[in-house]
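Let's take a friendly look at a protein together, starting with its aromatic rings and then moving on to its pocket.

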Amino acid sequence: WQNILPFGSSGINAEYGGTRDEMQESEHWWRYSILIENVGDVTVQLRERTWCIFSNCDSKETLTGRGIVGQEPVLRPSQCFQYSSLVSLRSNAGHMWGTYLFEREDRKFINVSIPPFLLISKSAQDDTAK
């Protein structure tokens, strides 16, 4: 759908947060921030999100849940909503993308794609620079 869009890749920012050692494996984590704008002419409410998270060690995880960060924001036309959350991987790089499910005022549902974005640690950046 074109009348409700998360901003393109410029509306998504992922920052590497470091590693945490659990048991004998390191876990890398990132904070990502997303800005969503309702560019349509009807009010919508974000009901559900689905994430596809891939790590460079060939693992894939799909997560689905209600709303985002414990909220189901209502967006009137031209209104924006920004949030931040965390994601972790067992590898030092990966990527993720997903969908938001919005409900319109007329009770119809709209799926909106979240464009892919990279999750890259400092060590992964150094590896590719060699």
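## Rings that pair up

Two rings of Phe, Tyr or Trp count as a pair if their centres lie within 6.5 Å, and for Trp the six-membered ring is used. With that in mind, turn to the model, which is a predicted one. Tyr32, Trp51, Phe81, Tyr83 and Phe117 together make up one aromatic cluster.

How many aromatic pairs does a search of the whole structure find? The search gives 8. One of them joins Phe54 and Trp97: the ring centres are 5.0 Å apart and the planes meet at 20°. Planes under 30 degrees apart count as stacked, so this pair is stacked.

## A link along the chain

Phe54 belongs to strand E4, while Trp97 sits in strand E8 (residues 93–104), so their pairing ties together parts that are 43 residues apart in sequence.

Is Trp97 buried, partly exposed or exposed? Its relative accessibility is 29%. Buried would mean under 20% and exposed over 50%, so Trp97 counts as partly exposed.

## The largest pocket

Now for some open space. The largest pocket has a volume of about 190 Å³. It is lined by 15 residues, and the closest to its centre are Tyr32, Arg49, Trp51, Ser85 and Leu86.

Which strands supply at least two lining residues each? They are E4 (44–55), E5 (60–66) and E7 (80–89). The largest share, 5 residues, comes from E7. Sorted by class, the lining has 10 nonpolar, 4 polar and 1 charged residues.

Methods:
Residues numbered from 1 in each chain as written. Predicted model: local features only at pLDDT ≥ 70, side-chain atom pairs only at ≥ 80, totals over all residues. Heavy atoms only, no water. 1 Å grid on protein atoms, 1.4 Å probe; cavity = no way out; pocket = protein on both sides within 12 Å on 5 of 7 lines; lining within 4 Å. Points joined across faces, edges and corners; volume = space filled by probe spheres on them. Helix = DSSP H or I, 4+ residues; strand = E, 2+ residues; numbered from the N terminus. Nonpolar A, V, L, I, M, F, W, Y, C, P; charged D, E, K, R; others polar. Phe/Tyr/Trp six-rings, centres within 6.5 Å; stacked < 30°, edge-to-face > 60°. Buried < 20%, exposed > 50% of the residue type's maximum accessible area, 1.4 Å probe, protein only.
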